[in-house]
Amino acid sequence: MDALRFHWCSPPDTGQATPTDTYKIGALDMGEVTDFVQEAEELGVDSLLFGISNYLPDPLPVLGALSQVTDRVKFMLAYRPGLMSPTLFAQVVNTLAWMSDRRISLNIVSGISPGEQAGYGDFLSHDERYARCGEFLEIIRGLWEDKQPMSYDGKHYTLKDASLGLGHKGGGRPEIYISGASAVAQQTALASGDCWLRYGDTPEGIAKASKPVLDGGTRVGTRMHVLARPTREEAVAELARLMRNPDEDHEAWIRKWVDTTDSEAVKSSYRLADGAKDEWLSPFIWTGAVAYRGGPALCIVGSYEEVATYVHSYKAAGVSEFIFSGWPTRDEMRNFFTHVVPLIRRLEEQEPTA
């Protein structure tokens, strides 16, 4: 089996955030972001996810700048179909592929909040957004597969003789990750993606949900948090410290926002958290931060050895890659790649050969 791939999420800020803190928004410190990304490269992070939302800086110019101050780490660009034409999007991604020497992949997100989408002038329903996403992917893949000039007549996009002079560097196309927990998200991943990306669950839960995707030959990845310390007692004590003086107003605001979302990924994560016993979904998955941080906040917690063994167990469930975060994210990234990843690699070396 191939080695697990470990990505990290680049947050809105890289400071000392706790699970209940609100992110610092309204500013962009490129010096701080550059320092964070360069350390991720030194640690051996596979790629860094840069999200998209109305409260975040747009990732496209940020990644263009970061591509010039790094050499190895890859960038996972989150983007939503409907914000720009597929032809222009392919052109932008091709440009980034040349700027970064192909260190670019795509996380295609169809949107999680009708209210936020409306702010961008998008009023499509959940399934209609995925239908548009399917057309979008069909077009950009066609351009990357050199079906040029390309004409297209769909429900959401109409093109005539589209062509691009600057192709993707080296030919081919970037890896495509499709996010979502709904059946239509899985279908989109099977039709046009390389990896179906979903929020966390137990290995058993992910194995059950992922079977149609794995049977169809598409990879499965998951997005979670992690907290590892030398001993389990230290890890649990750190959770207690992080959760001191929680912002109850922020929790109430998040709950209200969840009531307005049409994302199955978000709703399913909250259902898991609400059904957990004493905030533990399993002996190693803590749900206490979901109320403040949403779906990605399901957190694998334990000693270095426990976390390594538990993460490795997802491999048998069909998971091939993780996108992790932590509190504070930079410290936990350093902790995970320094102390936990070597233990996981040791476990992988012990796997039986085919």
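Trainee: What percentage of the 354 residues of the protein chain count as buried?

Mentor: Buried means under 20% relative accessible area, exposed means over 50%, and partly exposed lies in between, with a 1.4 Å probe and protein chains only. Of the 354 residues of the protein chain, 55% count as buried. Please note that this is a predicted model, in which local features need pLDDT of at least 70 and side-chain atom pairs count only at pLDDT 80 or more, while totals for chains, interfaces and linings use all residues. Residues are numbered from 1 along each chain as its sequence is written, and side-chain values use heavy atoms, with hydrogens and water left out.

Trainee: What share of the contacts joins residues at least 24 apart?

Mentor: Contact means heavy atoms within 4.5 Å. Among contacts between residues at least 6 apart in sequence, 73% join residues at least 24 apart. Leaving aside residues up to four places away in sequence, Glu116 touches Ser53, Asn54 and Arg80. Glu116 is buried, because its relative accessible area is 12%.

Trainee: How many aromatic pairs does a search of the whole structure find?

Mentor: Rings of Phe, Tyr and Trp (its six-membered ring) pair if their centres lie within 6.5 Å; planes under 30 degrees apart count as stacked, over 60 as edge-to-face and the rest as tilted. The search finds 17 such pairs. In one of them, the rings of Phe89 and Phe136 have centres 5.3 Å apart and planes at 50°, so the pair is tilted. This pair links distant parts of the chain, with Phe89 in helix H3 (residues 86–100) and Phe136 in helix H5, 47 residues apart. Phe89 is buried at a relative accessible area of 1%, and Phe136 is buried with a value of 1%. Phe336 and Phe337 form an edge-to-face pair, 5.5 Å centre to centre with 85° between the planes. An aromatic cluster includes Phe336 and Phe337 together with Phe6, Trp8, Phe284, Tyr310, Tyr314, Phe322 and Phe324.

Trainee: Which backbone angles deserve a second look?

Mentor: Most residues other than glycine have a negative phi, and most peptide bonds are trans. Here the peptide bond from Gln148 to Pro149 is cis, with omega near -5°. Pro149 lies in the loop between H5 and strand E5 (150–153). Another cis peptide bond joins Trp327 and Pro328, with omega about -15°.

Trainee: Where is Asn245, and is it buried or exposed?

Mentor: Asn245 is in the loop between helix H8 (232–242) and helix H9 (248–258). Asn245 is exposed, because its relative accessible area is 72%. Although Asn245 is not a glycine, its phi is positive, at about 55°.

Technical notes. Helices (H or I, at least four residues) and strands (E, at least two) are DSSP runs, numbered from the N terminus.
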